[in-house]
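The questions below ask what lies behind the labels used for this model. Each answer sets a value against its cut-off and then concludes.

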Amino acid sequence: MIRNYTFDEAYKRFEPHDHKCTYCKQAEMENMNDCYFLPLTVEDDKSNIVIYKSVEYSKILIGIPRCRSCKDIHSDAKNKAISISMFSVILLLGLLLYNFVNLNTFVFMLGLFTVIFGGIYGAAKLAERYVTNKGIYTVQYGAETNEVVRDLVISGWTFNNSIA
């Protein structure tokens, strides 16, 4: 099995024995639900027939120890970034729609896609910046630094499902 982890049947996840926060390296985790549970997948079986493709995966959740303070920082950063991004997107879409008559269709569509994708990307980068300004690791980077996660990735587990 996975060393220093216990499998919880009720929640279908691996819970850490170590309670030292991975993100700030100082505080202790008080509640198991404060952990970040990282989903990892591995390809079990892949069928690739001329007209039929099928991939079967196994998925596990690995608990990354996190103190309450770091969990709050991650949550606040995400909420703040989404709020600012949504406000910016709505404002820019309003300006784009206001100038719709003056723009040709191509410029309008290009602006529309730029604003939407920029808002999504901007929210992620803004949340990352808020977290790093607080002096802790981002959710993903902290999870990637976990020794058990690194060992699982080396042995073939991935953060995302591959495409059939």
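Q: Are E9 and K12 buried or exposed?
A: This is a predicted model. In it, both E9 and K12 are exposed, a label given to residues with over 50% relative accessible area.

Q: What makes the contact between E9 and K12 a salt bridge?
A: The closest N and O atoms of E9 and K12 are 3.2 Å apart. A salt bridge requires a Lys or Arg side-chain nitrogen within 4 Å of a carboxyl oxygen of Asp or Glu, so a distance of 3.2 Å qualifies. The search of the whole structure finds 8 salt bridges.

Q: How do you know that D34 and K71 form a salt bridge?
A: Their closest N and O atoms are 3.8 Å apart. The cut-off is 4 Å, so the pair counts.

Q: Why is the pair of D34 and K71 said to tie together parts of the chain?
A: D34 lies in the loop between strand 2 (13-16) and strand 3 (36-49), whereas K71 is in helix 1; the pair therefore ties together parts that are 37 residues apart in sequence.

Q: Why do D34 and K71 get their accessibility labels?
A: D34 has a relative accessible area of 4%. Buried means under 20%, so D34 is buried. K71 has a relative accessible area of 24%. That value falls between 20% and 50%, so K71 is partly exposed.

Q: Why is I64 called buried?
A: The relative accessibility of I64 is 0%. The label applies under 20%, so I64 is buried. I64 is part of strand 4 (residues 52-64). Its C-alpha atom is separated by 5.4 Å from that of C35, which is 29 residues away along the chain.

Q: What makes M109, F113, I116, F117 and I120 a nonpolar patch?
A: These residues form the patch on the surface, with about 490 Å² of accessible area together. Patch members need over 30% relative accessible area and no salt bridge, and nonpolar side chains are joined within 5 Å. F113, found in helix 2 (residues 105-133), has 45% relative accessibility, so it is over the 30% limit. At 45%, F113 counts as partly exposed.

Q: Which residues and elements line the largest pocket?
A: The lining has 16 residues, of which H74, K78, A127, V131 and V139 lie nearest the centre of the pocket. Helix 1 (68-98), helix 2 and helix 3 (139-144) each give two or more residues to this lining. Helix 1 gives the most, with 7 residues. The pocket holds about 360 Å³ of space.

Q: What is the lining of the second largest pocket by class?
A: The lining has 5 nonpolar, 5 polar and 5 charged residues. Among its 15 residues, D18, T22, P65, N146 and E147 lie nearest the centre. The volume of this second largest pocket is about 280 Å³. The lining of the largest pocket has 8 nonpolar, 4 polar and 4 charged residues.

Definitions and conventions:
Residues are numbered from 1 along each chain as its sequence is written. This is a predicted model: local features need pLDDT of at least 70, side-chain atom pairs count only at pLDDT 80 or more; totals for chains, interfaces and linings use all residues. Side-chain values use heavy atoms; hydrogens and water are left out. Patches are made of residues with over 30% relative accessible area and no salt bridge: like charges are joined within 9 Å, nonpolar side chains (Val, Leu, Ile, Met, Phe, Trp, Tyr) within 5 Å. Accessible areas come from the Shrake-Rupley method with a 1.4 Å probe; for residues, only the protein chains shown count as cover. Helices (H or I, at least four residues) and strands (E, at least two) are DSSP runs, numbered from the N terminus. Buried means under 20% relative accessible area, exposed over 50%, partly exposed in between (1.4 Å probe, protein chains only). On a 1 Å grid over the protein atoms alone, a cavity is a set of points where a 1.4 Å probe fits but cannot get out, and a pocket is an open set with protein on both sides within 12 Å along at least five of seven lines; lining residues have an atom within 4 Å of a point. Grid points are joined across faces, edges and corners, and a volume is the space filled by probe spheres set on the points. Ala, Val, Leu, Ile, Met, Phe, Trp, Tyr, Cys and Pro count as nonpolar, Asp, Glu, Lys and Arg as charged, and the others, Gly among them, as polar.
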